Amino acid sequence: MDDIDCATERSEVFTGAALHAVLSRVTAGPLSNGVCQSCQDAIEPERLRANPRARLCAGCAAEEEAHRLRRRRCGPHD
Ligand SMILES: [Zn+2]
């Protein structure tokens, strides 16, 4: 009987870990549909491989990053 109890406990731990993995994947947001949300061009495949949730193509992401840096430098008077 002890063996069975032990096996049951182990499988419950595994189920909990698997459930947690699924939940954290869901809260991280949906996967990209492969289309840039800004220019509607296809996102580079290597970019999607690196980040399956990328919403912008490399060009738009760089533009957005540059814009963000500029705003940070100029503050609210941008
Ligand atoms: Zn784009």
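## Basis of the model

Contact here means heavy atoms within 4.5 Å. The structure is a predicted model, in which local features need pLDDT of at least 70 and side-chain atom pairs count only at pLDDT 80 or more, while totals for chains, interfaces and linings use all residues. Residues are numbered from 1 along each chain as its sequence is written, and side-chain values use heavy atoms, with hydrogens and water left out.

## Annotated regions

An unreviewed UniProt entry lists residues 36–60 as "zinc finger region: dksA C4-type". UniProt positions are in the numbering used here, feature names are shortened, and annotations may be inferred rather than shown by experiment.

Residues 36–60 are 36% helix and 0% strand, with end C-alpha atoms 8 Å apart. For residues 34–65 the figures are 44% helix and 0% strand, and the end C-alpha atoms lie 20 Å apart. Helices (H or I, at least four residues) and strands (E, at least two) are DSSP runs, numbered from the N terminus.

## Zinc site

The zinc ion has as protein donors the SG atoms of Cys36, Cys39, Cys57 and Cys60, at 2.3 Å. Donors are N, O and S atoms within 2.8 Å of the metal (3.2 Å for Na, K and Ca); water is not among the atoms, so sites may look incomplete. The donor residues follow the spacing C-x2-C-x17-C-x2-C in sequence.

The site is tetrahedral, with angles of 105 to 116° among the 4 donor atoms; four donors count as tetrahedral if all angles lie between 85 and 135 degrees. The whole structure contains 0 disulfides, a disulfide being a pair of cysteine sulfur atoms within 2.5 Å.

## Burial and packing

Cys57 counts as buried because its relative accessibility is 9%, and Cys60 is buried at 12%. Cys39 is partly exposed at 34%. Buried means under 20% relative accessible area, exposed over 50%, and partly exposed in between (1.4 Å probe, protein chains only).

Cys36, Ile43, Leu56, Cys57, Cys60 and Ala61 form the largest nonpolar core, of 6 residues. Such a core is a set of buried Ala, Val, Leu, Ile, Met, Phe, Trp, Tyr and Cys residues joined through side-chain atoms within 4.5 Å. Not counting residues up to four places away in sequence, Leu56 touches Cys36, Gln37, Ser38, Ile43, Arg47, Ala61 and Glu64.

## Gln40

Gln40 sits in the loop between α1 (2–27) and α2 (45–50). Although not a glycine, Gln40 has a positive phi of about 65°. Gln40 is exposed, with a relative accessible area of 56%.

Notes:
Four donors count as tetrahedral if all angles lie between 85 and 135 degrees; four count as square planar and six as octahedral if opposite donors are over 155 degrees apart and all others between 65 and 115; anything else is irregular.
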